[in-house]
Amino acid sequence: MTAVAARGRVSTGARLVILLAFVVVFLIPVYVLLVTSFKPLTEADPGQAWNLPVTWTTEAWRVAWEKLAPGLWNSVLLAVPGSLLSCALGSMNGYVLSKWRFPGADVLFTLFLFGMFIPYQGVMIPLVQLLVGLNELTGLQGVFYGGIPGLVLAHVVYGIPICTLIFRNYYVTIPDELIEASRVDGAGMLRTYRSVVLPVSAPAIAVVVIWQFTSLWNDFLFAVFLTGPQSWPATVMLNNIAGAQATPYSQQMAAAILSSIPTMLIYVLLGRFFMRGLMAGALKG
Amino acid sequence: MRRARTWLPGLLLVAPSIVAIGVFVYGMLGWNFRLAMTDKHDEVSEGKFVGLDNFVSIWDQPRWHISVNHAIMFTVVFVLGALVLGWFLAFLMEKGIRGEGTFRAIYLFPMAVSFVATGIVWRWLMNSGMEERAVGLNRLFDAIGLPQWQWFRDPDWGMAAMALPAIWQMSGYVMALFLAGFRGVPEELREAARVDGCGEWGVYRHVVLPLLRPVTLSALIILGHISLKVFDLIVAVSGKQIITDVPAVFMWVAVFDSHDPAKGATIASYIVLSVAVFVIPYLVWSVRKERRS
């Protein structure tokens with residue numbers, strides 16, 4: 001018995017050591033980002049690559065902020081309305097598909113789910129053509145194609161499947177009797193939604209808003225195809241800043257951190273909901 | 001008629017989404033496929049129907065072969081790497097360990113960061129400069145006596161190196177999936193196997209592993225479809241160099257640099273097909289399974 005207990009303790013110690021070693025590996029990029037971003041240009045030579053800065057400076061941060069600020073603002077204009085709209089649509093769809101089902105709802109749900117997995121490359125060229133067409137049709141240059149509204153539209157539409165899935169799986173857990181009781185009281189579909197379903201939706205809303213905000217904030221593919229210099233979000237600007245040969249590493253790293261602060265904050269403060277979104281989206285990447 | 005009155009409002013409420021998915025997902029996939037079957041190789045021509053010619057002729061282009069081979073190598077290394085590492089981390093944590101929450105938070109945080117930001121650090125880490133010009137991992141390896149590498153610039157194994165940041169980014173997610181899977185194994189089952197004389201490894205092999213199969217399948221599907229369409233990471237680490245070309249980058253170049261819509265659409269169709277062949281059976285299977293239970 002004592003031998004078993006001792007072996008158990010040893011293996012616990014070994015597990016802890018291995019896990020800690022992986023923590024170090026996982027944090028190496030973070031160390032590099034922080035350390036490099038606070039270095040002055042005079043310490044940029046390769047010999048000091050892994051050293052802490054001798055003189056700490058926020059100069060690189062200042063320059064990176066100046067370059068990146070318009071992109072960060074565009075990302076806010078993209079991600080806030082985009083995630084709220086996605087949430088509203090997902091909630092209505094999830095409600096109907098779980099509690100107010102119509103014939104063929106299962107087939108429809110499967111068809112929705114496939115929309116979650118399509119590589120967006122497969123719709124990109126037609127999408128560009130459609131948005132260009134909308135620009136011409138409405139006479140609003142740079143609004144649909146080359147503008148943030150067009151990008152929001154794309155994200156909201158292609159976010160419907162995952163948002164519907166999360167809300168549907170959440171609403172399934174609401175007892176049918178509650179819905180029935182409301183119906184018996186003479187409430188219609190929308191009244192039942194407002195008085196029974198919406199008040200208990202907060203956790204699902206948090207999951208969806210966080211999930212969509214993170215996806216929209218981090219998106220690069222749609223942004224590269226659909227936006228122009230005036231509407232580039234932070235990811236595209238970051239890539240341009242870092243891609244320029246003349247940009248020193250310190251500025252690249254500071255810009256990379258700046259662009260990641262909003263999603264990192266959400267992760268740290270609301271990690272619980274972030275996790276739930278990940279698990280709900282176990283069907284999606 | 002009375003029944004229709006009960007479900008019709010629901011259908012109406014979902015109708016905008018049905019139209020949107022119909023047009024933007026299925027309509028545009030069809031539109032893209034239709035475009036791939038024309039000879040619209042510049043932006044002004046009308047585009048005559050040429051059947052599957054583009055799907056055949058793209059195999060005559062050396063760059064296409066390169067990008068397909070790259071995608072295969074990237075996918076194998078990334079999917080296996082993230083799966084094994086994620087499983088291993090979950091395996092170490094499944095019985096509970098002090099500070100588990102912190103470990104999980106650290107392994108998972110890369111998921112919250114964009115591939116573009118990640119790519120910038122990893123480009124620095126995987127810089128191919130050597131000797132006194134070495135930065136990043138090469139400098140570190142040199143200091144501790146390990147060999148230095150070309151990393152993603154290696155002509156043969158470059159895409160295997162390119163998979164490293166992706167593994168770093170996604171293995172925490174796989175860990176979370178497996179950890180949920182481990183915890184879903186009822187303790188009574190393990191106990192029953194122990195009573196039947198199974199050692200801990202026997203319990204693991206005969207009880208736990210079979211029950212992890214659905215989680216493993218989900219993880220494979222998720223990683224696989226991310227891998228086949230990988231774009232952001234490649235662009236952020238190396239731009240559109242041929243040495244790290246993949247179909248998604250090739251498509252981007254076809255659309256914006258070569259101004260060849262039909263070629264771009266052809267590549268895009270191949271990307272969609274490569275994902276659809278395993279995702280559609282998986283979706284049908286999982287919806288059926290859900291309905292049975």
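**Two chains, a few local features**

Hello everyone, let's start with one residue: W151(B) is buried, with 23 other C-beta atoms within 10 Å. By buried I mean that 20 or more other C-beta atoms, placed from the backbone, lie within 10 Å of the residue's own; exposed means 12 or fewer, and partly exposed is in between.

A word on the source: this is a predicted model, in which local features need pLDDT of at least 70 and side-chain atom pairs count only at pLDDT 80 or more, while totals for chains, interfaces and linings use all residues. Residues are numbered from 1 along each chain as its sequence is written, and chains are lettered from A and ligands numbered from 1 in the order in which they are written.

Back to W151(B), which sits in the loop between helix 6 (136–143) and helix 7 (158–183) of chain B. Helices here are DSSP runs of H or I, at least four residues, numbered from the N terminus. The phi of W151(B) is near 55°, a positive value in a residue other than glycine. H259(B) also has a positive phi, near 50°. H259(B) belongs to the loop between helix 11 (247–256) and helix 12 (261–292) of chain B, and is partly exposed, with 13 other C-beta atoms within 10 Å.

Now, which residues are buried in helix 4 of chain B? In this helix, residues 100–108, they are F103(B), Y107(B) and L108(B). They cover an arc of only 120° around the axis, which puts them on the same side of the helix; the arc is taken from the directions from the helix axis to the C-beta atoms. On the other side of helix 4 of chain B, G101(B) and T102(B) are exposed.

Next, where the chains meet. The contact takes 70 residues from chain A and 77 residues from chain B, with two residues in contact if their C-beta atoms, placed from the backbone, lie within 7 Å. On chain A's side, helix 1 (residues 2–37) gives the most, with eleven residues.

Finally, a helix pair within chain A. Helix 2 (residues 59–99) and helix 5 (residues 148–171) of chain A pack at an angle of about 35°, with their axes 6 Å apart. The axes are lines fitted to C-alpha atoms over the stretch in contact, and angles run from 0 to 180 degrees between N-to-C directions.

As for confidence, chain A averages a pLDDT of 90, and 94% of the residues score at least 70; pLDDT is the predictor's confidence in each residue, from 0 to 100.

Note on methods: Helix = DSSP H or I, 4+ residues; strand = E, 2+ residues; numbered from the N terminus.
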